[in-house]
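Please open the structure in a viewer and keep the selection tool at hand.

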Amino acid sequence: MANEKEHGSGSVEPGDTSKRVGAEVIRERGVDPEELREKLIDAIGAEFTTYYYYTNLRMHLAGEEDYKEITEDARLEDRAHFELVVPRVYELEGSLPNDIRDFADRASCPDAEVPTPMDDSGGFDTEDLAVEDILEVLLEAERCAIRTWSEICDMTRGADPRTYDMAQRILNEEMDHEAWFIELLSKERDDEINPAGHFARGEPGDAPYTKNNPFNDSA
């Protein structure tokens, strides 16, 4: 018929609300939307738990205000990464775990804990806690994030432009974070100059790639 359009219909029947064309089109292009969805949940589990752990790590950079500022940028941007990708999980017919413990256990990266044991009073034993030890935890957390989002970029390139766009935006910021912590750790531990090539954000947690067009002021 003359009024039939190429994309007017497809594998999802008209009026069917049990399926999403947004998921089916990436399946047709070779990506399993269920597998991708689960990887995204694991990845944002790491971003969410890192936001929590970086709070503790930042607190224990006592007296190192410049280090605290950089850590705060990374901390808030990890939260922005979580917020950015959550809607995509639901678009792919998924949901977040109801139990936050399950969510944390699924995180794709190790816990970025303060590298010192708790003492008998329930606080941290900070007697032997060195700044360089905290910076190394921060650095390795960023490296895990880079590996995680690189995998998702590889998985979605050329097949799922929406998820790819999100993942490569996050990856850009994680690479910034790695460069920051390499610079700080090199100077603190080795007394070597290893420039990051860029400075802290204009405002804490600016997230120039993932928050350049926020949906609302709370994002």
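A disulfide is a pair of cysteine sulfur atoms within 2.5 Å. This is a predicted model, in which local features need pLDDT of at least 70 and side-chain atom pairs count only at pLDDT 80 or more, while totals for chains, interfaces and linings use all residues. Residues are numbered from 1 along each chain as its sequence is written, and side-chain values use heavy atoms, with hydrogens and water left out.

Select cysteine 109 and cysteine 144 to begin: a disulfide joins them, with an S to S distance of 2.1 Å. The link of cysteine 109 and cysteine 144 is left-handed, with -100° about the S-S bond. Cysteine 109 lies in the loop between α4 (100–106) and α5 (131–156), and cysteine 144 lies in helix α5, so the pair ties together parts 35 residues apart in sequence. Helices here are DSSP runs (H or I, at least four residues), numbered from the N terminus.

Cysteine 109 is buried, at a relative accessible area of 12%; buried means under 20% relative accessible area (1.4 Å probe, protein chains only). Next, select cysteine 153, which is in no disulfide; the nearest cysteine sulfur, that of cysteine 109, is 14 Å away. Cysteine 153 counts as buried, at 3% relative accessibility.

Finally, select helix α3 (residues 65–91) and helix α6 (residues 161–190), whose axes come within 11 Å and cross at roughly 165°. Axes are lines fitted to C-alpha atoms, for helices over the stretch in contact (heavy atoms within 4.5 Å), and angles run from 0 to 180 degrees between N-to-C directions. The crossing makes α3 roughly antiparallel to α6, a term for angles over 145 degrees.

Key
Helix = DSSP H or I, 4+ residues; strand = E, 2+ residues; numbered from the N terminus. Buried < 20%, exposed > 50% of the residue type's maximum accessible area, 1.4 Å probe, protein only. Parallel < 35°, antiparallel > 145°, perpendicular 65-115°, else oblique.
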